[in-house]
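Open the structure in your viewer and keep the selection tool ready. We will go stop by stop.

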Amino acid sequence: MAVTPNAHRLARRDFLAVGAAAAAVALFRHVPARAAASAGPASPALIEDLVAANRILADQGVVDGYGHVSARHDKDPTKYLLARSIAPELVSAEDILEFDLDSNPVEGRGRKLYLERFIHGEIYRSRPDVMAVVHHHSPAVIPFGVTKVPLRPIYHMAAFIETSLPVFEIRDTGGMTDLLVRTPELGRALARTLGDRPGVLMRGHGAAVVGASVPDAVGRCVFLQVNARMQAQAIALGGEVVYLDPEEARKLAPLSGYDRAWELWKRKAMAK
Ligand code: MN
């Protein structure tokens, strides 16, 4: 269909009006006027693993109605993939959105977003080795974030802890908050406390766990939770607890990856 001069003027006027409105909104919200360009579709295998990760973490009791898991985009290290705000057990491929490292959605499609997505963006920014991040509120790990008892590796499956996990005290950065990592500044502070470690406990809240792949991050969460439960049991028995020596932990490191468990967990979680 030919575009008449009149229609052209109308379209241009509409375009300018929309542009001005968008710029005003962007100024008001202090976000870039232009969303970051998409890295394009992620590998279907990665999306499949990310959907499975959500369901496995729910199946294993690491997350409940809350908590989230993300993966770095396989085509662009400055992007990551995370579901819209939804209970992990209900996540499917259509719920996965792309974010830049400022945790702005590349294309939000008006969907509600996780308030604490800055946990993911700021960890990906500070840790180029990290390919997946999980945030959860596992009740087993909370006690180790609110006492002076460090969470340490008690058995071989939790060797990745090596020594102990750091604890993020949100008051040091944010003072009295609602404990949620709802700003980039709090996300950066959390990433600083994480440092080069596999995970960080969040005082009175939960934990963030990272991995070199989606199965790696998920496996760490599962065994961190089991370890926390057993460590509390061992302490309750009384007497001295013998933890893994860091040297033993390092010798176990090549065994991580959780390939065998991953296939099992995935099949069980996806069959539901
Ligand atoms: Mn949380």
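## A tour from the cavity outward

Select Phe-168, Ile-170, Leu-179, Val-181, Met-202, Arg-203 and His-205: they line the largest cavity. Note that this is a predicted model. The volume of the largest cavity is about 30 Å³. A search of the whole structure finds one cavity of 30 Å³ or more. Its lining splits into five nonpolar residues, one polar and one charged.

Stay on His-205. This residue is buried, at 9% relative accessibility. Through its NE2 atom, His-205 is also a donor of the manganese ion. Along the chain they follow the spacing E-x18-H-x1-H-x67-H. Glu-116 sits in the loop between strand 3 (96-100) and helix 3 (118-126), and His-205 in the loop between strand 6 (199-202) and strand 7 (206-211), so the pair ties together parts 89 residues apart in sequence. Glu-116 is buried too, at 6%.

Next, the salt bridges. The structure holds 15. Select Asp-59 and Lys-272, whose closest N and O atoms are 2.3 Å apart. Asp-59 lies in helix 2 (residues 44-59) and Lys-272 in the segment after helix 9 (259-270), so this pair ties together parts 213 residues apart in sequence. Asp-59 is partly exposed at 27%, while Lys-272 is exposed at 69%.

Move to Glu-247 and Lys-251, a salt bridge at 3.5 Å. They are four residues apart in helix 8 (residues 246-252), about one helical turn.

Last stop: Glu-48, Asp-49 and Lys-266, linked in a network of salt bridges.

Definitions and conventions. Residues numbered from 1 in each chain as written. Predicted model: local features only at pLDDT ≥ 70, side-chain atom pairs only at ≥ 80, totals over all residues. Heavy atoms only, no water. Donors = N, O, S within 2.8 Å, 3.2 Å for Na, K, Ca; no water. Helix = DSSP H or I, 4+ residues; strand = E, 2+ residues; numbered from the N terminus. Buried < 20%, exposed > 50% of the residue type's maximum accessible area, 1.4 Å probe, protein only. 1 Å grid on protein atoms, 1.4 Å probe; cavity = no way out; pocket = protein on both sides within 12 Å on 5 of 7 lines; lining within 4 Å. Points joined across faces, edges and corners; volume = space filled by probe spheres on them. Nonpolar A, V, L, I, M, F, W, Y, C, P; charged D, E, K, R; others polar. Salt bridge = Lys/Arg side-chain N within 4 Å of Asp/Glu carboxyl O.
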